[in-house]
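Good morning, and thank you for making time for this item. I would ask you to keep the sequence and the model in view while I speak.

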Amino acid sequence: MATTKIDPKLSEGEQKKESGSYQGLTRQQLIDAYRIMFTSRRVDDREILLKRQQKVFFQISGAGHEAIGVAAAYALKAGYDWFFPYYRDRALLLGLGATPYEMLLGAVGAADDPSSGGRQMPSHWAHKRLNVFTQSSCTGTQVLHAVGCAEAGRYFAQHPNAARKAEGDYRQFKDVQVHGDEIAYVSLGDGTTSEGEFWEALNTASNRRLPVLFSIQDNGYAISVPVEVQTAGGNISRLVSGFPNFHFEEIDGTDPIVAYTAFKRAADYCRAGSGPAFVHAHVIRPYSHSLSDDERLYRPESERERDAARDPVPRLQMFLLREGILDETGINQLEKEVEEQIQADADRALDAPLPQPESIYNFVYSPDLDPKSAAFDTHPAYAAPEATSEGKRPAASQA
Ligand SMILES: Cc1ncc(C[n+]2csc(CCOP(=O)(O)OP(=O)(O)O)c2C)c(N)n1
Ligand SMILES: [Mg+2]
């Protein structure tokens with residue numbers, strides 16, 4: 001076996017380069033990863049500018065979380081697996097195939113925003129074509145949705161007739177395609193792991209060996225509350241390590257190659273039906289929690305500088321240069337293309353029409369479903385059944 005000279009300055013992912021491939025990622029995939037991560041950061045920057053001009057009403061960034069987003073997108077399948085992301089997952093969405101223009105439509109609240117037609121807060125991702133579910137602003141609710149989705153996928157795979165659409169059936173979810181090995185990805189921050197839903201989800205996913213891939217994006221803070229104040233013992237991996245049937249990873253989430261290998265192992269484990277997986281990624285939060293927050297009021301400068309040295313975007317840029325995958329001209333060209341695209345997308349999104357006021361109740365109540373109709377009829381179970389000629393009562397029928 002060939003031995004590799006280890007450079008102690010390189011991370012695990014960087015050290016294990018094989019000829020022509022970096023842990024299974026090609027040079028082109030690494031360039032594409034940089035394009036996605038740089039785009040993600042620049043869409044955040046553009047939205048921040050627009051917020052300061054009062055052209056968008058809220059901004060929350062995916063900055064510092066880009067490497068794990070692109071890694072998860074590479075390890076999973078858009079439009080096949082199911083995605084229950086949270087607001088820091090901008091790079092994941094871009095990696096799956098959402099566009100900066102679509103994101104900017106969400107930021108300005110335009111009618112054509114694919115997440116919610118301009119009705120949700122920005123960065124509350126949803127994308128029907130990519131199998132990305134809509135989400136609540138209440139942190140943590142997405143975790144149980146992912147468990148239910150994973151359970152439904154397995155159920156429909158075992159009982160294919162249950163997924164067949166019946167005439168007049170109001171349950172539109174029956175149009176969903178079931179493959180039998182799909183994964184439900186769900187992400188949440190370190191602070192959200194202290195909520196009850198998270199523990200309920202772990203319990204059921206573990207007990208039923210459900211294919212749920214948990215992405216824990218640990219940036220060390222829940223707004224202004226540090227992780228050691230929020231999480232018992234300060235490390236969520238230690239707390240959950242006793243759950244059976246899980247595949248666990250704890251990684252430096254600022255290195256896209258390390259992150260890709262972890263997500264790939266996790267996805268392989270889930271897809272094989274072995275059970276759920278848990279990727280605990282240590283990331284950074286270089287911008288404040290949101291534009292409603294100023295972290296300089298509670299984070300020391302030294303800590304912010306330490307984080308900046310691990311920033312995944314310049315880190316991947318340096319890696320591409322060092323490996324000779326792109327030279328300075330190539331980087332500049334790529335970045336220029338991205339900047340120009342985002343400028344054009346932002347201009348177009350600002351001109352996009354807003355939703356009509358009359359549409360405010362769309363998707364709150366069904367426009368054509370009458371809950372008093374015969375579709376909802378059931379046979380009451382409480383009526384006492386008639387005695388038979390033998391004097392016995394028949395077994396009660398189920399409602
Ligand atoms: C149930 C609920 N509680 C509180 C909030 C307010 N809130 C929004 S984000 C957030 C912090 C979440 O921290 P973490 O899970 O670490 O994610 P991060 O923002 O750091 O990525 C809080 C407390 C909320 N939206 N929902
Ligand atoms: Mg956090």
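The model is predicted, so local features need a pLDDT of at least 70 and side-chain atom pairs count only at pLDDT 80 or more, whereas totals for chains, interfaces and linings use all residues. Residues are numbered from 1 along each chain as its sequence is written, and chains are lettered from A and ligands numbered from 1 in the order in which they are written.

Let me begin with the chain as a whole. It contains 13 helices and 9 strands; these are DSSP runs numbered from the N terminus, with H or I over at least four residues for helices and E over at least two for strands. Of its 399 residues, 38% count as buried, a residue being buried if 20 or more other C-beta atoms lie within 10 Å of its own, exposed if 12 or fewer, and partly exposed in between, with C-beta atoms placed from the backbone. Among contacts with a separation of 6 or more, 74% join residues 24 or more positions apart; a contact requires C-beta atoms, placed from the backbone, within 7 Å.

Helix α3, residues 66-75, and helix α10, residues 256-271, have axes that come within 8 Å and cross at roughly 40 degrees. That makes α3 oblique to α10. Angles under 35 degrees count as roughly parallel, over 145 as roughly antiparallel, 65 to 115 as roughly perpendicular, and the rest as oblique. The axes are lines fitted to C-alpha atoms, for helices over the stretch in contact, and the angles run from 0 to 180 degrees between N-to-C directions. Which residues in α3 and α10 meet? From α3 come A67, I68, V70, A71, A72, Y74 and A75, and from α10 come P256, A259, Y260, F263, K264 and A267. By class, this contact of α3 with α10 has 12 nonpolar, no polar and 1 charged residues. Here Ala, Val, Leu, Ile, Met, Phe, Trp, Tyr, Cys and Pro count as nonpolar, Asp, Glu, Lys and Arg as charged, and the others, Gly among them, as polar.

In the second pair, helix α2 (27-52) packs with helix α5 (100-108) at an angle of about 25 degrees, their axes 11 Å apart. The two are therefore roughly parallel to each other. T39, V43, E47 and L50 of α2 meet P100, M103 and A107 of α5, a set that divides into 5 nonpolar, 1 polar and 1 charged.

Helix α2 also holds I48, which is partly exposed, with 16 other C-beta atoms within 10 Å. Beyond its neighbours within four places in sequence, I48 is in contact with Q59 and L291.

Next, the ligand. Around ligand 1 there are 15 residues, the closest being T139, G189, G191, T192 and A222; a residue is included if its C-beta atom, placed from the backbone, lies within 6 Å. Strands β4 (184-189) and β6 (221-222) are the elements that give two or more residues to this shell. By class, the shell has 5 nonpolar, 8 polar and 2 charged residues.

Finally, two backbone details. I223, in the loop between β6 and β7 (225-226), has a positive phi of about 50 degrees although it is not a glycine. F363, in the segment after α13 (328-351), has a positive phi of about 70 degrees and is likewise not a glycine. With 11 C-beta neighbours inside 10 Å, F363 counts as exposed, while I223, with 13, counts as partly exposed.

Note on methods:
Contact = placed C-beta atoms within 7 Å.
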